[in-house]
Amino acid sequence: MTAIRITGGRVHDPTNEVDGEIRDVCINGGKVVSDVGHDARRIDARGMVVMPGGVDIHAHIAGPKVNAARKLTPEDRRDDPLDRTELLRSGTGGLVPSTFATGYRYSLLGYTTVVEAAAPPLAARQVLAELRDTPMIDSAFLILMGNNQVLFELIRESRGAVSSQLRDAVAWWLDATGGYGVKLVNPGGVEVFKQDNGNVHSLDDEVPGYAVTPRQVLEAIGGAVDELGLPHPVHIHANNLGVPGNADTTLETMRTVSGRQAHFAHLQFHCYGGKPGGQPRSRAPELLDYLASHPEITADVGQVMFGPAVTMTADGPLSAALRDLDGGKWLNHDTEVETGCGIVPYRYRAGSYVHALQWAIGLELFLLGKDPWQVMLSTDHPNGGSFLSYPKLIRLLMDRAFRDDQIGRANQRAIRRTALLDGLDREYTLNEIAIITRAGPARRLGLRHKGHLGVGADADVTIYHDRADREEMFATPRYVIKGGELAVEEGELRRSDDGLLHSSSARFDPDVVRVLEPLFGDRYTVAFEHYPVRDPALREPARIVEAGP
Amino acid sequence: MPDVAIGPVTCAGCGLLCDDVRLDLSGEAVRLQPACDLGARWFTERVRRADDAPAATIEGEPAEVKAALVRAAALLRGSRRPLIYGFEQSTVEGARAAVALADRLGALVMTDTPGDPWPGAPALPLRGVTTATLGEIRDRSRVVVIWREDPETTHPRLLERLGFGAGSPAQRTLVVIDDRDTPTAARATLRLQWPRERDLAALVSLHALQRDRPPAPSDLDAQLATLMEHVRDVPHVAVVHGSGLGAGDGGQRRALALHELTRALSHERHVVTMALPRAAGITGAQDVLAWQTGYAGSVDLAGGHPELVVSTHPADGVDLALRIEGAAAPLPAHVAEISLGHGPDADAGVWIRTAAPGVEAEGTAHRLDGVPLALQAPRAGEAPTAAAVLTRLLTEVGL
């Protein structure tokens with residue numbers, strides 16, 4: 001392992017309350033250390049900005065859903081090939097890059113850790129295999145549990161309360177798959193869609209055949225995750241995504257889980273006023289008010305960026321609605337017992353009222369929010385746009401003149417229905433950018449070795465030229481150090497290493513299999529004994545993050 | 001089953017990958033529980049392999065594995081246009097190693113059979129598809145349509161696993177569209193018959209009926225109307241299809257018409273499709289190709305990066321073929337071949353014996369509905385896996 005001293009850079013390390021101080025960062029053995037010897041390699045970072053490596057709390061990069069999107073959209077990658085080199089595998093880019101291209105491009109962007117936010121547990125083997133083929137970034141994945149028929153049975157038995165069986169079942173599932181956290185997508189609604197194209201519309205709609213409601217799923221599984229002390233709280237894609245008036249559902253969902261830790265995914269898609277079927281308006285300020293008084297709840301924004309996107313979601317009914325709206329390609333896949341999947345290639349247009357409103361609501365969430373630790377950067381890649389658009393999004397937050405210019409190009413009827421024309425002059429500081437792109441996500445994920453530069457942290461460091469054009473600055477880091485080794489230099493990858501998988505572990509009563517096995521046998525077409533993934537080639541090496549208070 | 005029964009294990013005899021199988025290895029022929037003739041033959045061929053078979057051959061003569069690797073690497077290095085194909089019995093691990101080698105060589109990778117009539121570019125990227133895993137269809141589909149396939153022969157336990165075994169609910173309808181008298185057709189609740197050449201017209205007419213726009217009158221009208229009555233009556237429908245519809249001339253148009261129809265039907269009810277692959281390893285190989293290159297099907301890496309192959313004769317110009325755990329394709333005589341597989345292959349210039357996945361070696365395979373499953377090794381052997389051989393070849397090639 002290389003010893004490195006990064007000298008003279010302006011360091012932004014919010015976790016350790018370092019805000020732009022000029023100081024050295026020392027690295028040895030893959031970790032940040034207090035000092036290194038004189039023979040250590042020196043990186044002259046004078047005039048540059050030093051931050052921890054980026055941490056993406058919510059993206060879609062691996063698994064059957066992502067791979068189906070690759071198959072659905074070959075034209076998206078045709079003009080974006082990556083040539084093989086002596087060091088690198090070839091691949092293709094576009095909105096849904098091949099696995100190798102995904103790892104390389106995140107690394108070139110200064111990101112060193114990425115969370116796949118929605119993995120069907122039944123497909124864990126594929127998720128793990130794809131992540132093993134995604135170099136340069138450490139990873140983790142969240143397993144989908146919001147429409148799991150086996151868990152529905154346990155929730156029905158407990159009448160919506162958190163039971164020991166439910167806690168054990170959640171912990172067993174993480175153990176069986178290598179997952180890191182728990183994701184709930186449109187709880188109850190996906191199951192109803194798979195039955196007969198239906199959906200749930202309120203937290204108290206009953207899922208036919210199971211006598212459970214979305215509220216019970218939120219309370220029971222969210223509560224189980226909280227009581228297990230998993231490193232990342234329950235990660236919620238709330239009901240009624242994209243539906244005008246869904247802010248009521250979102251607020252009700254927040255009230256349902258309040259008092260417990262919870263993270264809300266792509267909040268922008270859940271902030272709409274108006275009535276179903278009508279035109280949406282922004283209710284972002286109300287959501288932010290609620291967050292301000294509930295520090296136990298965090299969110300990532302899910303910013304949409306004008307241009308092409310690929311919507312991919314476990315929320316099957318949402319995808320079917322987009323199919324009808326768009327009329328273009330549509331892929332649907334139903335996974336037994338557990339979840340659904342829908343994919344629709346999409347384009348956000350600045351001239352569209354709805355798209356401009358979505359864009360503006362995302363910016364409202366960033367700019368009106370009081371606490372950057374609570375509202376984090378994401379585009380729900382590739383749903384709101386590619387992760388490659390993060391530099392432009394950062395510029396929108398840091399450069400008011402640029403933002404005003406972009407606002408002027410968007411549908412003005414939509415913009416007028418937001419706070420963006422109310423003299424909103426906030427410009428993010430570099431420290432705030434460091435919070436929303438690395439320190440905040442790492443803290444919320446419970447990744448204590450990530451997102452900061454304190455002694456003992458993983459030596460994941462990104463060094464930027466301090467350029468006035470923030471988009472250019474964040475698009476091409478001068479250096480990226482991953483695990484203590486120089487990975488990127490001036491836009492060129494210098495090595496190609498495997499990333500480290502992060503899994504979580506919580507104690508459970510092994511006898512829970514006596515409860516689960518009969519429930520599996522009635523539902524799955526996979527033998528219970530073959531369901532867990534134990535193959536070391538897929539599960540190891542991994543950093544296991546233990547649950548606990 | 002006697003006490004010596006092994007299992008449950010996963011059977012890779014077909015794309016169904018039944019993982020509830022118990023094996024009786026006590027007799028000459030392997031017996032399976034639940035019974036499956038295809039699966040029993042598949043296991044027997046691999047379990048009863050002659051122990052005196054060589055580990056490798058060069059030009060049909062027994063050789064050391066090392067020598068065979070050196071020879072294979074020399075052939076690959078000297079090839080102007082290598083092809084990698086087969087994958088019928090491949091694991092995901094094997095396919096990952098194969099695509100890694102193809103990337104280094106700049107090879108053409110085909111998961112379809114070279115030389116088969118070209119059906120046209122894949123239909124899926126044109127409009128999409130709606131699919132589901134086995135359990136979804138078993139538990140929800142009240143009408144299951146089998147379109148010109150004979151799973152009773154090719155995937156013998158499919159109907160049982162879709163809920164049409166003993167004691168299946170009477171209110172479910174099994175529709176078979178086929179003008180051949182097949183074992184599957186014999187099990188149909190509703191049988192519809194027209195020649196294959198009429199499939200496209202039938203699909204277009206069904207689409208028109210779905211939109212309440214009666215098509216031009218034809219002799220299929222009564223049958224199509226009956227089918228639509230069954231479909232309209234239920235909230236969940238599945239259509240099983242495969243090469244019977246999508247292979248050969250015009251296959252793309254027929255597959256596209258099917259997906260347009262199921263998409264249109266999906267507005268009023270839940271409709272899913274399920275494709276039957278030609279072998280157990282194909283689905284996994286296509287998935288690996290998609291995640292490593294961005295494209296499924298056939299991919300050309302000759303240009304230094306992946307390009308989706310959309311061509312009537314993609315294997316034209318190939319001068320060397322590396323066949324991985326699959327049957328030989330009808331390639332021109334001048335094309336030398338390297339073969340990796342569990343059985344001797346006298347026709348190949350170089351053959352290296354690899355452990356049979358699911359019998360001699362563990363691994364991962366993707367079921368026909370995409371579900372990834374573990375393969376076990378009930379008779380673990382000494383032979384290396386294809387993944388291991390391909391990784392050694394990658395080193396040996398040294399490009």
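Start by selecting both sides of the A–B contact: 48 residues of chain A and 47 of chain B, where contact means C-beta atoms, placed from the backbone, within 7 Å. On the chain B side, the elements that each supply at least two residues include helix H3 (92-105), strand S8 (128-132) and helix H12 (282-293). Helices (H or I, at least four residues) and strands (E, at least two) are DSSP runs, numbered from the N terminus.

This is a predicted model: local features need pLDDT of at least 70 and side-chain atom pairs 80 or more, while totals for chains, interfaces and linings use all residues. Residues count from 1 along each chain as its sequence is written, with chains lettered from A and ligands numbered from 1 in the order written.

Next, pick S8(B) and strand S18 (residues 330-334) of chain A: they run parallel, joined by 5 bridges (strands pair if DSSP finds at least two bridges between them). Zoom in on Asn332(A), whose bridge partner is Thr130(B).

Last stop: Phe474(A), in helix H17 (residues 470-475). Is Phe474(A) buried or exposed? Buried, because 25 other C-beta atoms lie within 10 Å, and the cut-off is 20 or more. Beyond its neighbours within four places in sequence, select Tyr390(A), Pro391(A), Ile394(A) and Tyr464(A), which Phe474(A) contacts.

Note on methods. Buried ≥ 20, exposed ≤ 12 C-beta atoms within 10 Å, placed from the backbone. Contact = placed C-beta atoms within 7 Å.
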